[in-house]
Amino acid sequence: MDSDFGIPRELSVLQKHRLHYRPELPPCLQGTTVRVEFGDATTAADPSGAHTISRSFPHTYGQPLAHFLRATAKNPEAQVITEHPAIRVGLVFCGRQSPGGHNVIWGLHDALKVHNPNSKLLGFLGGSEGLFAQKTLEITDEVLTSYKNQGGYDLLGRTKDQIRTTEQVNAALAACNALKLDGLVIIGGVTSNTDAAQLAETFAEAKCPTKVVGVPVTLNGDLKNQFVETNVGFDTICKVNSQLISNVCTDALSAEKYYYFIRLMGRKASHVALECTLQSHPNMVILGEEVAASKLTLFDITKQVCDAVQARAEQDKNHGVILIPEGLIESIPEVYALLQEIHSLYRQGVPVDNVTSQLSPWASALFEFLPPFIKKQLLLHPESDDSAQLSQIETEKLLAHLVETEMNKRLVRKKAHIKERNSMPFATSLVTKLVDHYHQNLTATMHMYDWVIGCLLNYLSIYSVSLGDEVILMQVIGNVSYHILAAGLNGYMATVTNLKGPVNKWRCGAAPLAVSLWSVGNLWAHFLHSGLNLEAMMTVKRWAHGPGVTSIGKPAIHPATVDLNGKAYEDMNSNVMLLNNVSKLNASYLSAFRWLLTRNATKFLLDDIYRNPGALQFDGPGADAKPITLSVEDKDYMGRIQELQQYLEKVRAIVKPGCSQEILKAALSAMASVTEILSVMSSTSSNGQTHL
């Protein structure tokens, strides 16, 4: 996407009003002095992963965490930076566009100018391609005038290309040297920050003075770990989608004759679908992580949706709303295996016209079973990370097609059953009524309007004007990026934690990109073990093709999936036993929706308790509402580290020469027990993982 800078912009009254809003900063970013506290060197819980990453990132692995302090903080060990020479910083948008990019630029620009008016910020036009070609635009107050608090990436443009090949990395290195950049800020998601980690290592090895900083901006919400609570853009995306979903729910309830299958963004993680479910209360949501963990097939999913339709029809409810993440198709075991075969044939140079003839017998049988439109979409060439083009695969349309087919089969069986029981008029009347309901209403949903809704929810929201606290987060994380550069750090990601609290309690810091806490198996194994959430910045993705084959690992930042043991999911799932109290629900139906629905599973499914968060608000009620998943999760990792340090300081103050024997004995006993427990836990987390 090329830059739109210089093209006349006609702003609405609301857009002009938003230009004047100035987000506040937490105390640690105010003033012209940078105070940074360094923690211990980061390490890995999994030695095999640590070895692989330290070998690949010898210059940037094991760096300490950094925490920026407010002026009133009393820490004699903190590094205080008062001199701020003029610096030159480059900034590039990578990956999918997301709300908030412009405010990150604004925050970084403001911080540069506050600390030294002679500093310069250069934006690369056209994303990574602009970086390679050294096409820049100097960011000034005048340039930013009409882009503050506005959605999109149109000021600079972006690209989905990765900075991965040797030629691309060398081109980026040459650009930074030619432009004499002191810093390079890469704005993007999982893949882009993996590239940032590689660039930081390459620059350090080449003794290039440019420091690389990653900024977690992704609408998928999948760049999460101990240090990153949420991603810039996720909150706005979910609020916009939830409003649209709620409108669809209202339409379904008003017309009482449509089932809507809505596909949402998310790729390999279902965070957007989960958050939108909690905000809008649709009847059903099918999370990819649940499907993978339970190894559910297409037939299983279809049957369970049909059972739900039957259960609702028995209550004279012939409408509904079903949410589906776009990554669901890769979570289904047999479809994932089929995609792997197709992609393997492409890597072997097999042309698209010959792929189907070279599939294995079982893969060929599955492929022929699928409807023509899905066949065409599955044959699309994979993305650069070897994943399917998920945004182009109409999973919602496939599921609706399979549900309609299954309901038609049930219709035939019901009619046959009627003939066998023609001596029971009441039963015949009831069955006929149900059959008519199923057939009429599922047929009614098979029109293009429903699928257009499913697709539009994926893309309309990415251009939205950012909302609430997320606008502040964008500005703050831009400021943090400068603080990282001022501290001379390379290969770090800007982080902001304690986001559940007020802005003046937010904690700003930096986490090394090359942090390894876990080593995981191949992508499918990652899904199968998604009940254990990956809390890591960087992990080792391992491939193994057959028993006894040595796995090959490649360090990368991988998407964090929905934690099936997390509080957000537990809140959804804790009352699922309520299903046992619902009358007229058979055993297969009960089994189906133990995995599909949430804390209020029965109410969501049968009672139509649709929730409408309302129109987007910049002020007033709802304007500062935080993501529900963020509010229920306890993600303030650095806060808990600080709390632990405070306890240790109290112990040190109490247990010192001159204390009583009783106090000393109690302290020794307690510390010995704690040490033993932590040693066992650490050993279990290191050795209990599956390596393929």
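A cavity is a set of points, on a 1 Å grid over the protein atoms alone, where a 1.4 Å probe fits but cannot get out. Its volume is the space filled by probe spheres set on the points, with grid points joined across faces, edges and corners. By that definition, the structure holds 8 cavities of 30 Å³ or more.

This is a predicted model, in which local features need pLDDT of at least 70 and side-chain atom pairs count only at pLDDT 80 or more, while totals for chains, interfaces and linings use all residues. Residues are numbered from 1 along each chain as its sequence is written, and side-chain values use heavy atoms, with hydrogens and water left out.

**Stop 1: the whole chain.** Show the chain as a cartoon. There are 27 helices and 16 strands; these are DSSP runs (helices H or I, at least four residues; strands E, at least two), numbered from the N terminus. Of the 692 residues, 56% count as buried, where buried means under 20% relative accessible area (1.4 Å probe, protein chains only).

**Stop 2: strand β11.** Select residues 320-325. Because 6 of the 6 residues of β11 are buried, the strand is largely enclosed by the rest of the structure. In a regular strand the side chains alternate between the two faces of the sheet. Here G320, I322 and I324 lie on one side and V321, L323 and P325 on the other, and both faces are covered.

**Stop 3: the neighbours of β11.** Look for F261, whose bridge partner in β11 is I322, and for L264, which is partnered by P325. Two strands pair if DSSP finds at least two bridges between them. With the three strands selected, the view shows an open, parallel sheet in the order β9-β11-β10. Its edge strands are β9 and β10, each pairing on one side only.

**Stop 4: the second largest cavity.** Select T230, N231, D235, D469, E470, L473, L499, W506, A625, K626, P627 and L630, which line this cavity; lining residues have an atom within 4 Å of a point. About 120 Å³ of space lies inside. Which helix gives the most to the lining? Helix α20, residues 468-486, does, with 3 residues. Colour the lining by type to find 6 nonpolar, 2 polar and 4 charged residues. Ala, Val, Leu, Ile, Met, Phe, Trp, Tyr, Cys and Pro count as nonpolar, Asp, Glu, Lys and Arg as charged, and the others, Gly among them, as polar.

Note on methods:
1 Å grid on protein atoms, 1.4 Å probe; cavity = no way out; pocket = protein on both sides within 12 Å on 5 of 7 lines; lining within 4 Å. Buried < 20%, exposed > 50% of the residue type's maximum accessible area, 1.4 Å probe, protein only.
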